[in-house]
Amino acid sequence: MPVRQTIVGISSPRELEDALRAAYYLADEELATAAYLALALGKPLLLEGAPGVGKTEAAKAIAGVLGRTLLRLQCYEGIDAAAALYEWNFPRQMLALRQQSDAAITLDIYRDEFLIERPMLACLRRPQETMLLIDEIDRSDHEFEAFLLEFLSDFQISIPERGTIRAYERPVVILTSNRTRELHEALRRRCVYHWIDYPTADREMRIIMMRASGVSERAARAVVTAVGRLRREPLAKLPGIAEAVEWAEAATLLNEQGARWPEAFKRSLGVVLKDEDDLVHIAPRIDAILNEAQA
Amino acid sequence: MTDATADATGPIAHFLRFTALLRGSGFAVAPEQTMAWLAAIELLGPRELGDIRRSARATLAPPPERFAEFDALFDAHFLGAIVPGLEGEPSDEEPMRAAEDSAIGPQPEFADETRESGAEATTAERLFARRFTPGDESEKLRRFARLLPRRVPLRRGYRWRSANAGLGTDTRRMFRDAMRQAGEFFRLRQRRRRLRQRRIVVLIDVSGSMKERTQAHLAFTHALVRAADSVEVFTMGTRLTRITRPLRLRNREQALATASLLVADWDGGTRIGDALDAYLAVPRFAALARGAALVVLSDGLERGDPSAMADAVARFARLCWRIIWLTPLAADPGFEARTAGMVAARPYLDRLADGGSIDSICANVLDLATENLGNEKAA
């Protein structure tokens, strides 16, 4: 198994954790270990977790630490090769043909200049400078998943007009999934896996203090407690970390403009709960939750 | 594989025994994952047990809902902690097994009256074979089989094909033509996504409470298997049995008789949650449900733990494209999900409808592909 001992000077999970913190991402020990192993073993990293726990943020932070360009491929139902791999630039091909209509036989319209790179091809061609993020893979169809399986094991693709293109080094690939459906076992097997859970209250507070500007420690603690309570409610959309940060910021802003504390939280509730049913469900108990959080 | 790991000596043997233990407990661990884990341990030092545990979690990838179990096994193996249930204490309930229909070989003779008397009856399960006679529903089923091919649920394929009237121009093909025609475009070529049939998976409840209907259900699935390209049929009672293969026989009487020989748990108790778990525990069966339309023919009267049934249905909901649950109880217009199991499973179902007669089952299956079905889940 090919092993890279150090990656841009990082030779242990601990060091990666520190580097990520410098990139404003607080990773726990498990995530740092999984990410470090993925980089060192040259395997893709699969991050699963509920929406809003910071999967995409983690990928961005890792790209930042590695100093690589992030190529993001957002998956959706019906995603096809033209969106993921490459496409021919047909208008330019046509213009080129028209300009030299007599010499059409000698003109090669399948040259590089007519090829539009999509994220997966771009990553194969420049594996040292780029990092591929395949986001929300659970949204794609299972054909795309099967194709990805092939891509992730060989890191090569073939273009009928051009032949096979292969990465000269194993690229860094991160996949994320919201687990709305289960991924194929074979795909999980090829990856280093990490399940990102909602952060502990302590860690979430440090995230808020780091991410949000001008939020007092007391407000941050109240937000963390209240959000923790909300996550235990049967809501359609549970508040993620980004929502918690935004809530702390919004409430602080309202407070500076003169709103009193519990009131400031309550008025900015729309930042956390973005579903009418959830708001109705929580309305009778919101005062109790906020008072408890303030205490 | 297991033999080799047991024989291995040296420091890695202890780690290999752990992966063997995981496999024994129903975790899927591939050799490449074991290799990745060993490489990871070497890479990390390791300085403490936490490193080994974290690298095991990252490379062996246990599913999140089994983290606790995974950790318990890890503690047992590396720390010598005692795990309840690992000592092999005798359990009073036989674990659910999944039976395979390819093992049909030695007993092709059916229509044998003596089997009935030779049935073994145990306290927990009543296992005996049953004979089927074709019912009088033939005409309805023939009509169903005629209508089905045009109304099966479809999914878009990954590849495109050229078409006379499509959704977009097949530009790539036009350029290939143009190359041959001195750069001129003569014909507009179009393309569309290839459509394929979604697999339909049918689970038939053969427990005692559904006794009256199993025969009609089997006749229905026979028609379904014959009419659609991709169908899988399982029966569930106290165990789970795949009966797709015998149902492919053309002659209905023969197909049903062969299928009924395979099923050993007619009219026993109902352990729906366990049967669904047994289905999901076989990776190949679980793969059949991926992206499929799931049809469950059951009254949902669960004798086991209702939350286990809800958990299993939730897992199916993540695997399947749609789930419809057809219960004979819903023939009553005032029907509502009342049993604990059904109430807990209801949010994951796309439709809970009448399965009381062949007519209603056929109508519901023909409606699988209609659009409004997806909206019912929210209601």
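In the predicted model, 34 residues of chain A are in contact with 30 residues of chain B. On the chain A side of this contact, at least two residues each are supplied by helix 2 (29-41), helix 5 (90-99), helix 7 (142-154), helix 8 (185-190) and strand 9 (192-196) of chain A. Helix 2 of chain A contributes the largest share, with seven residues. When sorted by class, the side of chain A that touches chain B comprises 16 nonpolar, seven polar and 11 charged residues.

Chain A also contains an open sheet of five strands, arranged in the order 2-5-8-1-9 with parallel pairing. Strand 2 (69-74) and strand 9 of chain A form the edges of this sheet, each pairing on one side only, and neighbouring strands are turned against each other by 20 degrees on average, direction ignored. Within the sheet, strand 5 (residues 130-135) and strand 8 (residues 172-177) of chain A are paired in the parallel sense over four bridges, and Leu133(A) has Ile174(A), in strand 8 of chain A, as its bridge partner. Helix 2 of chain A, which supplies seven residues to the side that touches chain B, lies across strand 1 (45-49), strand 8 and strand 9 of chain A and runs at about 160 degrees to strand 9 of chain A. Helix 3 (residues 55-66) of chain A likewise packs on the sheet, where it touches strand 1, strand 2, strand 5, strand 8 and strand 9 of chain A; the direction of helix 3 of chain A makes about 170 degrees with that of strand 8 of chain A.

A helix pair was also examined in chain A. The axes of helix 10 (residues 217-231) and helix 11 (residues 241-256) of chain A come within 10 Å and cross at roughly 135 degrees, which means that helix 10 of chain A is oblique to helix 11 of chain A. The crossing of these two helices is right-handed. Helix 10 of chain A takes part in the contact through Ala219(A), Ala220(A), Val223(A), Val224(A) and Val227(A), and helix 11 of chain A through Ala244(A), Trp247(A), Ala248(A), Ala251(A) and Thr252(A). Of the residues in this contact, nine are nonpolar, one is polar and none is charged.

In chain B, strand 6 (residues 190-197) pairs in the antiparallel sense with strand 4 (residues 154-163) over seven bridges, and Arg161(B) stands opposite Arg192(B) of strand 6 of chain B. Strand 6 of chain B is also paired in the antiparallel sense with strand 5 (residues 168-169) of chain B, over two bridges, with Gly168(B) standing opposite Arg191(B) of strand 6 of chain B.

Technical notes
Residues are numbered from 1 along each chain as its sequence is written. Chains are lettered from A and ligands numbered from 1 in the order in which they are written. This is a predicted model: local features need pLDDT of at least 70, side-chain atom pairs count only at pLDDT 80 or more; totals for chains, interfaces and linings use all residues. Two residues are in contact if their C-beta atoms, placed from the backbone, lie within 7 Å. Ala, Val, Leu, Ile, Met, Phe, Trp, Tyr, Cys and Pro count as nonpolar, Asp, Glu, Lys and Arg as charged, and the others, Gly among them, as polar. Axes are lines fitted to C-alpha atoms, for helices over the stretch in contact, and angles run from 0 to 180 degrees between N-to-C directions. Angles under 35 degrees count as roughly parallel, over 145 as roughly antiparallel, 65 to 115 as roughly perpendicular and the rest as oblique. A crossing is left-handed if the near helix is turned anticlockwise from the far one by less than a right angle, and right-handed if clockwise. Two strands pair if DSSP finds at least two bridges between them.
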